[in-house]
Amino acid sequence: MLANEKKRVLVVDDDKLICWALRKYFSGLGISTQVVENSADALSEFRRNPYEIVFLDVHLPDGNGIELLPEMRNISPDAHIIIMSSDASDTIRKRAFAGGALKFLEKPFDLSEAQAILRDALNGSLQKRRNPRSICSIPLRIKIMNPAMEESPFDLHYLSGTMADFSSGGFKVRTKYPFNVGQSIRAHVVAEGNPDVKIFPPQADARVVWVNLAQNAVLTGLKFLN
């Protein structure tokens, strides 16, 4: 249960389906949730009842969500603001994090991803990203270095995946295989001619720090091993 009576969530999006789904989902977890569909209503609601957690869309009918970030920060500097957008370009992400967003939620997303972000916000572990991330799509060959006992009958030396982004601290991959938090993996880049490969090592060892089940894929966050 994620319920916390002192925390309130504001969802700002002109997509009625997303607003309905998030309010229904968060309310079902015991979280007080309000939705608005444009910038003006968002600021009015935020001034009236400063929210601790905000899920904020980028493209709104009367403005840009990223441009709302400074105003929301002035009203409530401690608010946890999560940017949502189907435009996940490196430029948009950098603007979002530079403006004070603590997380970027790429559309379409699975509700479990939103729940994981909400959980981190509620327990205080959602913090501003220290290392800017570069968006990419690099095919990988992955080997699990320390398989769990139940995995021992399987060949886990040639798992496939796609690197979705990376920074100086680690990277995120999409796979079909559900890794376990704490596992160590070795990732081999198998893409040739991709410009991103020039700034990412051909082989990297990393530790699994989080796993989220998303629609038709498993998203895994990894931290480089020194």
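**Overview of the chain.** Contact means heavy atoms within 4.5 Å, and residues 24 or more positions apart account for 63% of the contacts in the protein chain with a separation of 6 or more. The model shown is predicted, with local features requiring pLDDT of at least 70 and side-chain atom pairs counted only at pLDDT 80 or more, while totals for chains, interfaces and linings use all residues. Residues are numbered from 1 along each chain as its sequence is written, and side-chain values use heavy atoms, with hydrogens and water left out. The protein chain holds 5 helices and 13 strands (DSSP runs numbered from the N terminus, H or I of at least four residues for helices and E of at least two for strands). Of its 226 residues, 47% count as buried (under 20% relative accessible area, with exposed over 50% and partly exposed in between, for a 1.4 Å probe and protein chains only).

**Close-up 1. Helix α2 against helix α3.** Helix α2 (residues 39-48) packs with helix α3 (residues 65-75) at an angle of about 10°, their axes lying 10 Å apart (axes are lines fitted to C-alpha atoms over the stretch in contact, and angles run from 0 to 180 degrees between N-to-C directions). The two helices are therefore roughly parallel to each other (under 35 degrees; over 145 is roughly antiparallel, 65 to 115 roughly perpendicular and the rest oblique). From α2, the residues Ser39, Ala42, Leu43, Phe46 and Arg47 meet Leu68, Glu71, Met72 and Ile75 of α3. By class, the contact of α2 with α3 comprises 6 nonpolar, 1 polar and 2 charged residues (Ala, Val, Leu, Ile, Met, Phe, Trp, Tyr, Cys and Pro are nonpolar, Asp, Glu, Lys and Arg charged, the others, Gly among them, polar).

**Close-up 2. Helix α3 against helix α4.** The helix α3 also packs with helix α4 (residues 90-98), again at an angle of about 10°, here with the axes 9 Å apart, and α3 and α4 are therefore roughly parallel to each other. Ile66, Glu67 and Leu69 of α3 make the contact with Ile92, Arg95 and Ala96 of α4, a set with 4 nonpolar, no polar and 2 charged residues.

**Close-up 3. Aromatic residues.** The structure holds 4 aromatic pairs (Phe, Tyr or Trp rings, the six-membered one for Trp, with centres within 6.5 Å; planes under 30 degrees apart are stacked, over 60 edge-to-face and the rest tilted). One of them is the tilted pair of Phe26 and Phe55, with 5.3 Å from centre to centre and 45° between the planes. This pair links distant parts of the chain, since Phe26 belongs to helix α1 (residues 16-28) and Phe55 to strand β3 (residues 53-57), 29 residues apart. Phe26 is buried at 0% relative accessibility, and Phe55 is likewise buried at 0%. Tyr25, Phe26 and Phe55 form one aromatic cluster. Elsewhere, Arg8 lies over the face of Tyr51, at 5.7 Å from the ring centre (NZ of Lys or CZ of Arg within 6 Å of the centre and within 35 degrees of the ring normal).

Close-up 4. His188, in strand β11, is partly exposed with a relative accessible area of 30%. Leaving aside residues up to four places away in sequence, His188 touches Pro139, Leu140, Arg141, Pro202 and Gln203. Pro201 is placed in the loop between β11 (184-189) and β12 (203-214) and is partly exposed at 35%.

**Close-up 5. A cis peptide bond.** Lys107 and Pro108 are joined by a cis peptide bond with omega of about -5°, and Pro108 sits in the loop between β7 (103-106) and α5 (111-123).
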